[in-house]
Amino acid sequence: MEERTLFTKIIAGEVPADIVYDDNDYCAFRDIHPASPVHVLIVPKRVIPKITDAGPEDKEILGGLLLTAAKVARQLGVDESGFRCVINCGKDGGQEVPHLHLHLLGGRLLGWPPG
Ligand code: 5GP
């Protein structure tokens, strides 16, 4: 049986979230602690715990994740102003939830490098 994560429960509607996009393979919802005016998590519905767990068989889902990020950015109106896509991995990467997800951040000028 597939692992049940916080994000699996959000996708299943068992934990409330502000869902902005949903299709067969991905769900996107607003981060509960937004770091920017637009801060959305884009989550593949199939659980891959972290990016280093992905293999060649996951090429399509990983490519689709980026295409979905671009689609959600257009939907939320940050495609022209710009935005950032972040995937945290492991302890030093600051990953809290062991279910692969992409942070879409926008709506303000983002500093670089990140703190
Ligand atoms: P990570 O640190 O794993 O890359 O990102 C996890 C993100 O999930 C964090 O930015 C955190 O604020 C967000 N988060 C944690 N719990 C919840 C929740 O219950 N609902 C929502 N919408 N976001 C959450």
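Modeller: Contact here means heavy atoms within 4.5 Å. Helices (H or I, at least four residues) and strands (E, at least two) are DSSP runs, numbered from the N terminus. Axes are lines fitted to C-alpha atoms, for helices over the stretch in contact, and angles run from 0 to 180 degrees between N-to-C directions. This is a predicted model: local features need pLDDT of at least 70, side-chain atom pairs count only at pLDDT 80 or more, and totals for chains, interfaces and linings use all residues. Residues are numbered from 1 along each chain as its sequence is written, and side-chain values use heavy atoms, with hydrogens and water left out.

Five strands make it up, in the order 1-2-3-5-4. The sheet is open and its pairing antiparallel. Two strands pair if DSSP finds at least two bridges between them. Strand 1 (19-22) and strand 4 (83-86) are the edges, each pairing on one side only. From one strand to the next, the twist averages 20°.

Now the pair formed by strand 3 (residues 38-44) and strand 5 (residues 102-106). Five bridges join them in the antiparallel sense. Ile 42 stands opposite Leu 102 of strand 5.

Helix 2 (residues 59-75) lies across strands 1, 2 (26-30), 3, 4 and 5. Helix 2 runs at about 150° to strand 3.

Last, Thr 8, in helix 1 (residues 6-11). Leaving aside neighbours within four places in sequence, Thr 8 is in contact with Glu 3, Val 47 and His 99. Thr 8 has a relative accessible area of 12%, so it counts as buried (under 20%; exposed is over 50%, partly exposed in between; 1.4 Å probe, protein chains only).
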